[in-house]
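The paragraphs below lead through one protein structure, moving from its salt bridges to a helix and to individual residues. Please keep the sequence and the structure at hand while reading.

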Amino acid sequence: MRLNTHLALTATIHIIGAGPAGLIAAETLAAAGVSVIVHERMPSVARKFLMAGRGGLNLTHSEPLGDFLARYGDAALIRGAVASFPSAALRGWAEGLGQGTFVGSSGRIFPLAMKASPLLRAWLARLGALGVRIETRSEWRGFSPDGSLLISSTGQPPEAMRADAVILACGGASWPRLGSDGGWTAALEKAGVAIAPFRPANMGVVCDWSPLFATRFAGTPLKRIVLRLGSIRAPGEIVITATGLEGGAVYPLSPHTRDSLAAGRDTVLRIDLRPDLSQAELRERLAANRAKDSLSTKLKRGAGLSPVAIHLVREATGNAPPTDARALTALIKDVPIRARAMQGLARAISSAGGVALDELDADFMLKARPGVFAAGEMLDWEAPTGGYLLQACFASGIAAAKGALAWLGRP
């Protein structure tokens with residue numbers, strides 16, 4: 001990759017990947033007057049972004065910045081990028097595209113349209129007006145011996161392309177059918193870049209349900225519960241699936257559940273079905289039931305449990321829950337669910353692993369490949385759902401673009 005030390009108007013940067021990180025990098029560069037070509041190996045752009053929009057497109061979160069940054073753990077490089085482009089900036093960017101946003105009851109931030117397609121259309125129109133060129137069915141195959149990019153169009157042998165700088169935004173390895181399958185790792189490993197193995201993140205838990213429970217309750221939510229693994233707690237909602245558990249309370253615990261299973265430990269998740277009641281309050285309600293009431297009636301009337309919660313209590317005890325009010329109270333507040341495995345990358349919302357963060361300098365440039373920058377989910381970081389994933393993809397894309405501009409000697 002050649003170094004351009006003057007403010008050449010002809011500077012061209014190639015971006016690999018047309019997801020949020022790649023497209024925001026393209027916008028940042030084009031707005032600074034750089035010629036930008038985006039390569040996307042799929043037939044259309046931002047497929048995973050559009051898939052995320054089917055559930056409402058949770059762009060970011062409204063919590064205070066300090067709490068927000070803590071969601072990225074020890075990934076200091078990602079925390080720095082998000083601090084430079086926080087949630088307020090992302091909201092302003094969306095509103096600049098004519099896509100107003102609002103804060104939901106959980107603190108999550110969504111576009112008013114509650115889907116991704118209107119925002120993406122407005123975004124692509126802006127990129128077109130800035131002169132950004134997007135080439136679909138255009139796949140990066142690595143580097144030539146002289147450092148040029150090897151780009152292959154459908155059915156064609158790779159062509160060497162020179163660039164003043166390159167931004168890699170190739171995506172992670174979750175939902176590979178949408179385009180991010182981690183196939184780029186071999187090219188970077190060949191270039192001397194350390195790659196951490198991909199692992200699923202924000203994924204469901206596999207449990208051993210009885211056939212009757214799985215058939216009857218698959219797709220049923222359990223609301224206003226608290227899920228716990230050891231000392232780690234996650235309030236919210238879970239959904240019973242045919243194979244286990246998914247949902248907003250499952251995903252924050254998923255890295256801990258995944259690592260516990262990988263270590264070979266007996267991994268038991270515990271559900272408080274009535275976190276709004278103390279042990280004493282719940283026990284008093286259960287004790288007030290009539291002696292002749294069935295167990296299901298006691299759980300429904302006394303504990304206020306839904307049908308799925310009642311059957312979960314039975315499921316967790318082999319259909320033999322205790323009848324004593326004290327023991328039953330303890331069970332309702334601490335239903336044990338043994339995790340057998342985690343859903344794989346094909347069903348995970350995001351992935352951990354990818355380019356090790358210590359392979360990058362402070363400007364998101366690869367130390368082993370000067371002039372080549374990387375951003376987005378292809379980097380080794382993870383965060384829970386709730387807007388933190390998209391926020392970091394946008395923020396790291398902007399950081400990489402600013403790094404490339406500095407490399408070119410531009411302001």
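A residue is called buried when its relative accessible area is under 20%, exposed when that area is over 50%, and partly exposed in between, as computed with a 1.4 Å probe on protein chains only. The model is predicted, and therefore local features need pLDDT of at least 70 and side-chain atom pairs count only at pLDDT 80 or more, while totals for chains, interfaces and linings use all residues. Residues are numbered from 1 along each chain as its sequence is written, and side-chain values use heavy atoms, with hydrogens and water left out.

The structure holds 16 salt bridges, and one of them joins the side chains of Asp208 and Arg340 at 2.7 Å, N to O. Helices (H or I, at least four residues) and strands (E, at least two) are DSSP runs numbered from the N terminus. Asp208 sits in the loop between strand 12 (205-206) and helix 8 (211-217), and Arg340 in the loop between strand 17 (335-338) and strand 18 (341-342), so this pair ties together parts that are 132 residues apart in sequence. Both Asp208 and Arg340 are exposed.

A further salt bridge brings together the side chains of Asp334 and Arg270, at 3.2 Å from N to O. This pair, too, links distant parts of the chain, since Asp334 belongs to the loop between helix 13 (325-332) and strand 17 whereas Arg270 belongs to strand 16 (residues 268-272), 64 residues apart. Asp334 is partly exposed, with a relative accessible area of 24%, and Arg270 is also partly exposed, at 28%. The side chains of Lys333 and Asp272 meet in another salt bridge, at 3.0 Å, N to O. Here Lys333 lies in the loop between helix 13 and strand 17 and Asp272 in strand 16, 61 residues apart. Lys333 counts as buried at 15% relative accessibility, as does Asp272 at 12%. Salt bridges that share partners also join Arg228, Arg270 and Asp334 into one network.

Another arginine, Arg258, is found in helix 9 (residues 254-262) and is buried, with a relative accessible area of 8%. Its side chain is joined to that of Glu382 by a polar contact of 2.9 Å, a term for a pair of N or O atoms within 3.5 Å in which, within protein, one must be able to donate a hydrogen and the other to accept it, residues adjacent in sequence counting only if both atoms are side-chain atoms. With contact meaning heavy atoms within 4.5 Å, and leaving aside neighbours within four places in sequence, Arg258 is in contact with residues including Arg199, Pro200, Met342 and Glu382.

Just after helix 14, Gly409 takes a positive phi of about 80°.

Note on methods:
Salt bridge = Lys/Arg side-chain N within 4 Å of Asp/Glu carboxyl O.
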